[in-house]
Amino acid sequence: MQMKKAMAISMIAAAISASAVTPVFAQTAAAKQSVQINASSFLVNANPVSIRTVVDGGVTLASVRDMINAIGATLHINSDRTVVVKFGDHTLKFKHASKSITVNGTATPISHPVKEVAYSTFIEPAAFIQALGGSYENNVISTVELLEGAEHAVWANASQLIVSNSAGEGREDYLVNAATGKYELLLTSEGASELVLSPDGTSVAYSDANGAVFTIDLATKQSKQVSTDNSIKNELQWSNDGASLFFLQGDKSSVIAKVTLADGKVSKVLEDKVDYKANLEVSADGTQFAFYVFKQPKVTADSNKDVELDDVAIDATGTEPQIYFYNAKAADNKPAQLTKDTADKVFLQLSADGSKVSYVSVSNDEASLGQLVTIDNTGKASTPAFADKDVYQLVQGGSKLYLLTADGNSTNAIYEVDGETGASKLVQTVSDSTSELIVSNSANFAALIDGQLAVWTDGSWKNITN
């Protein structure tokens, strides 16, 4: 089963070369000569882009319009045919056949004149991009410094993602603009839990290595400590009203507890003496919970042998994760075990109303497929779906479930599943190097593709990290 292949995808190699050639156009009538316009491959802010080029006197020039479209600049042509390009704080002006360009009012010479071919303007790409504050080398254009790597990402809002990367012994978390890739550091930490986004998308919460809980306002980047309680807190989960955080407490994650942000008070929700809970999921009203329970393998050693020989027997029978459901409003106040099978279970999701649990079941048989399973909160399973597909990942976005599946020898596919009816539809096919799907509650899509974080925009995937 290929599910774990996604965790080790190599970075894309930037092999840039010229490609197909378009038909020959006539230059201006005065020139009376033919100039060949090529469609050449560039890498613009980590994204492959086709840009028209011409060769004039042995010098390669690139289409001004194609380059500004690729970097997001604006173009205006004055009545006297002066070309005006604006990008950030930079304004360029030049004319056809100019041997200089004006950069923010200052004339700057260029080594080869601007050329007009087939009613399009061509210029040296290095001079043009550098005048706009970017960098250019061998068909690689960079106007935004992109973040190196993306190990984990979540949508913060429609325009930003929170991206996390390992850094030495700790972790760095960044806010990354989904349109431009521009990023800013949000948190540097050692031993901190993952950042979890508040329901209104305005802040994140985490616990530090000492168990203290903090929130960070995403607008101001200001951090605030909301609890000094020093118990271990795993898998923070916001309440729907944003007033509390639920978590698994203790070094064995034995207790479900919550901390109230207003006063930092910690209270227990479930203390059933069952250790090794994981993957806590909370319903919208904060009264229903789903989680795994892991049993530890039985380890035995021969007392007649020297302990330094490290000769032990490990029995892993019955250690497969099992799913439990707990309703804090129920009279018996006891968790119910929903599964008893021997398959591994990953990507646990609880519906907002607490009525259904979905997950991917992975058999120990290497030839078997990852299967989507949905059960109600009594353990009754629904009719199996996608039985013919290998499900790599399950994520929740609003009331919908989204699957990343194998769809062929060289493609994967994204499917949307209605959480209420179970009806499904194909969203799109993607490269088989797509390793992780990131979906917001409003169905914005991002993915890790060839080790780079990409955002689905205007009908294509755009890389926003290197």
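Me: Which residues touch the most other members of the largest nonpolar core?
Reply: This is a predicted model, where local features need pLDDT of at least 70, side-chain atom pairs count only at pLDDT 80 or more, and totals for chains, interfaces and linings use all residues. A nonpolar core is a set of buried Ala, Val, Leu, Ile, Met, Phe, Trp, Tyr and Cys residues joined through side-chain atoms within 4.5 Å; buried means under 20% relative accessible area, exposed over 50%, partly exposed in between (1.4 Å probe, protein chains only). The largest such core has 25 residues, and those touching the most other members are Met67, Val85, Phe94, Ile123, Phe128 and Ile141.

Me: Which element gives the most to this core?
Reply: Helices (H or I, at least four residues) and strands (E, at least two) are DSSP runs, numbered from the N terminus. Elements that each supply at least two core residues include strand 4 (38–44) and helix 2 (125–131). With four residues, the element giving the most is helix 1.

Me: Is serine 440 buried or exposed?
Reply: Residues are numbered from 1 along each chain as its sequence is written, and side-chain values use heavy atoms, with hydrogens and water left out. Serine 440 lies in the loop between strand 41 (434–439) and strand 42 (445–449). Its relative accessible area is 8%, so serine 440 is buried.

Me: Which residues does serine 440 touch, not counting residues up to four places away in sequence?
Reply: Contact means heavy atoms within 4.5 Å. With residues up to four places away in sequence not counted, serine 440 touches Trp155, Gly397 and Gly398.
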